[in-house]
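Please prepare a short briefing on the structure shown below.

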Amino acid sequence: MVQEAVTHPFSKYLREEMMPHIWCAGCGNGIVLNCFVHALDELKADLDKLVVVSGIGCIGRTAGYTNTASFHTTHGRSIAFATGVKLANPELDVVIVSGDGDLFAIGGNHFIHAARRNIGIKVICANNFNYGMTGGQLGPTTPLEALTTTSPYGNSEHPFNLVHLAAAAGASYVARWTTLHVRRLTQSIKRLMQKEGFCFIEVISPCPEIFGRRNKMRSGLEMMEWFRKASVVENFSDPAKADITPDRIVVGEFVDIEKMSYEKLFHEKIAQINEKAMEKMS
Amino acid sequence: MPERIKHAPLDIKKVKPPKAEIHLIKNQCKGCGYCIEFCPKKVLEESEEINARGVHPPKIVDEDKCILCSFCSVVCPDFAIFVLEKKQEETKK
């Protein structure tokens, strides 16, 4: 039976005073937040030891919506801030939920070097193929021939392949899902939270209001229909061949390796230096 | 029809299939239609009424058809729907 005036079972993970969120009808960011919250609930995560960091963009609001310690940073610097948080207190779980424009356009270099160092921060990137918040400009992930406000005759730039970039830079866990694969995305976020080292999930997210309506997909349902038709699950395939085209989106887990994380090596080194100094003093 | 579902399971009298209890928070719905489209049993349908946000929230057509997969509650971007299992005492009555 329908009962009105009930609270959602996951409302304890959300800041109730901030809800409902500002995202458009059909936006995938809500699904990313929902899957993240589901994963937290299944893991029974300690909310006191979890820090959610996000940058600028529509999905940057996530840090304000989750009822954890959260940090809304300047544009493109979410990984830089998260590196500081993780190095200062390695016991904290640091999760970055941010967008493709924030992480790969202005913050691309931070991403590469965080992946190279293999620092134990977890990155969930919602890829909506354009700069949604500022009006739909061309971004580094816009597919070829896509129409945006700054490419009205079709995009002529080759897009980034984010999973290939992350895998090549040395991340220890790399996956890509769409917002239609909610169960697998939730499982993947659980795996991400349990792993050591730099982990990265790209979530292909519908943006019907800004990107979709210029590309003959006026509603969120039409964009989800595109994901359903085009996506192919290929676990542990070659990320170099996982380009996003209108006919084919390769999803799945691409990399899952064990590697020593930077914060452990860093704190070991500090302990060694301190021991030597103590020997000299005595 | 496959052989294994031709006959009723032997313990059908002892084991009751779980019944679902679908909760809709109608005023949080933004009318994206994901729960209606992606329900595997087509339990939901767009309603005639208009909520506080000016859209048509879903309504429940047949709650007994729900198989508790909870896909609607994960795919909802607005935290407006969730499914709970009905308590066992209620189903015995």
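Of the 93 residues of chain B, 32% count as buried, that is, with 20 or more other C-beta atoms within 10 Å of their own, where C-beta atoms are placed from the backbone. This is a predicted model, in which local features need pLDDT of at least 70 and side-chain atom pairs count only at pLDDT 80 or more, while totals for chains, interfaces and linings use all residues. Residues are numbered from 1 along each chain as its sequence is written, with chains lettered from A and ligands numbered from 1 in the order in which they are written.

**Fold of chain B**
- Chain B has three helices and four strands, taken as DSSP runs (helices: H or I, at least four residues; strands: E, at least two) and numbered from the N terminus.
- Along the sequence the pattern is β-α-β-β-α-β-α.
- Among contacts in chain B (C-beta atoms within 7 Å) with a separation of 6 or more, 61% join residues 24 or more positions apart.

- Leaving aside residues up to four places away in sequence, Val32(A) touches Ile59(A), Val97(A), Ile124(A), Ala126(A), Thr179(A), Val203(A) and Ser205(A).

**Contact between chains**
- In chain B, 19 residues are in contact with 21 residues of chain A.
- On the side of chain B that touches chain A, the largest share, three residues, comes from helix 2 of chain B.

Conventions
A residue is buried if 20 or more other C-beta atoms lie within 10 Å of its own, exposed if 12 or fewer, and partly exposed in between; C-beta atoms are placed from the backbone. Two residues are in contact if their C-beta atoms, placed from the backbone, lie within 7 Å.
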